[in-house]
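Hi everyone, thanks for making time today. Let me put the sequence and the model up, and then we can walk through the sheet together.

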Amino acid sequence: MALVSEDGGISNRQLGIIGTGNFARALAKRCILSGYTVTIGSRRPSQRQLSAIDECLCDIELTTIADCIKENDLIILAIHAESYKDTLTSLAPMFSGKVVIDVSNREVPSRKQSNAEYLSTILPQAHIVKCFNVISAYIMDTEIAGGSRRVFVASDNLTAREQTSNLARDLGFVPVDLGVLASSRKIENFVLNLFPGWKVPLFLTFGIFNLWCLYIVYIYFVVKTAFRWDQLFVKVLNKPLCMTAITILALTFLPGNVAGLLQLYNGTKHKRFPKWIDNWLKVRKQFGIISFVLVFSHVIFSVLLLSPTYYRSWFQPVTITIPANLSSDLKLPMVSWMVWKGEAACLVGFIAFLILCFLALTSLPSIGESLNWREWRFVQSKLGYAALFLSVAHAMIMGIPGWIKAGPWKMFGSITFLSIQLPLVVLVLKLLLTVPCVSKRLRKIRRGWERNPTKTAPSSNRDISNEKYRALTSGCGCSNNKTQATNCCGAPNQSPDSKTLLPISNCDCSVV
């Protein structure tokens, strides 16, 4: 087996690749440019001419699969999983003790068995590693291609994981160790996900936007005719944009307050939140980004419309009078400079927009990684609530003069009044949680204090008769090491011979 040198690199920079497809050729080219000696194994080497496809591959040795396995201790398997059995079964003994990296992907997600786990049943004596499947052939072949440079590594053998991680670093990628080979299910499912965390926020935003649009059409075109139909595209559309933006911004901070109230009610942090709260907390970043995009669109639309014709109440009315000549004076009404409402609304809205821009920048990984936890929490929490407060103030400056003029009953139907109700609830809840006596109790709970520890303590008499457990044999030395425990301890259906039991989890939790 190729050994890991003291400086973290691979001392024997030689590897074999089984397969001659696009990904195999791109991977071979990258390995050569990184200083590796590469051998490619093919079922029909006499019919393949790699140099005719890419002149950079002219120095690569093209041989049979058997010779490729025999000459190398590190093998990258770049063929489809459907070909594993027919191609590798007869050659299985030759893989004994070798590191085999599986780069295949599935066409549909699976929770039962990954391609890498299937490969381990065909090559039981090899050290199977899952890696590089999240990188496309195009990214592998060129440095200017977009996309993440992060690769996930999973294997039951710690040395094989380290060797593969060092190979990934040599190729210019960032390895993320996900532990045992069972994590390969998550790795393979990762590339099949299509914005998994964005579906609910986007659908909810679409629904809220349509509700505000219907309400605006009702009050401005059904109840009274305030606009012409040809103003729908910018002037009218700008209203549901800003109303949806402030609603989504409030939904970004609301679950944190609800979680704090639940912890106060439960008197402990060890009781799990309801699933809907847990899922809501996980998509706060998506809600924040959507809110920023809507606010940005609102700012652009408002700049396009910023004139006395559209925002008459923002500007000072001026009347030019031409003295009478034959009959009477001719008066020409005009609007000149902004009044306090226009200037205050612009100032407060602009500051809120600047803060949201800063929040959006810190959500980028390259910038967020430069902040420590306290800095990141200050930006995302303190400045986030400041942006929400200023957004409410912006809406109130826009609406209060109209509320006074229309009266209390019509005020309740105003779009500015309705749009700030949820943000006001969020701000009031946050204010409640910052009251010294409340915040002190919440801080104690989040540091581990419990109002009634006996209610949250795990039961020692829990019935485990219907649960699958793996028994750790006494003295095997692996009870504190997950990887070693997988390698040396009994199978799930093995009868336990000690009191050290680990439940076999079927949950879908993963770093991916």
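Strand 4 (residues 74-77) and strand 5 (residues 99-102) run parallel, paired over four bridges; two strands count as paired if DSSP finds at least two bridges between them. Within that pairing, Ile76 has Ile101 of strand 5 as its bridge partner. Helices here are DSSP runs of H or I with at least four residues, strands are runs of E with at least two, and both are numbered from the N terminus.

A quick word on the source: this is a predicted model, where local features need pLDDT of at least 70 and side-chain atom pairs pLDDT 80 or more, while totals for chains, interfaces and linings use all residues. Numbering starts from 1 along each chain as its sequence is written, and side-chain values use heavy atoms, leaving out hydrogens and water.

Now, what is the strand order of the open sheet? The eight strands go 3-2-1-4-5-6-7-8, with mixed pairing. Strand 3 (61-64) and strand 8 (174-177) are at the edges with a single partner strand each, so one side of each has no neighbour in the sheet. From one strand to the next, the twist averages 30°, with angles running from 0 to 180 degrees between N-to-C directions of lines fitted to C-alpha atoms, for helices over the stretch in contact.

Helix 5 (residues 115-122) packs on this sheet, touching strands 4, 5 and 6, at about 165° to strand 6 (127-130). Contact means heavy atoms within 4.5 Å. Helix 7 (residues 158-170) lies across several strands, including strand 1 (14-18) and strand 7 (150-155), and makes about 165° with strand 7.
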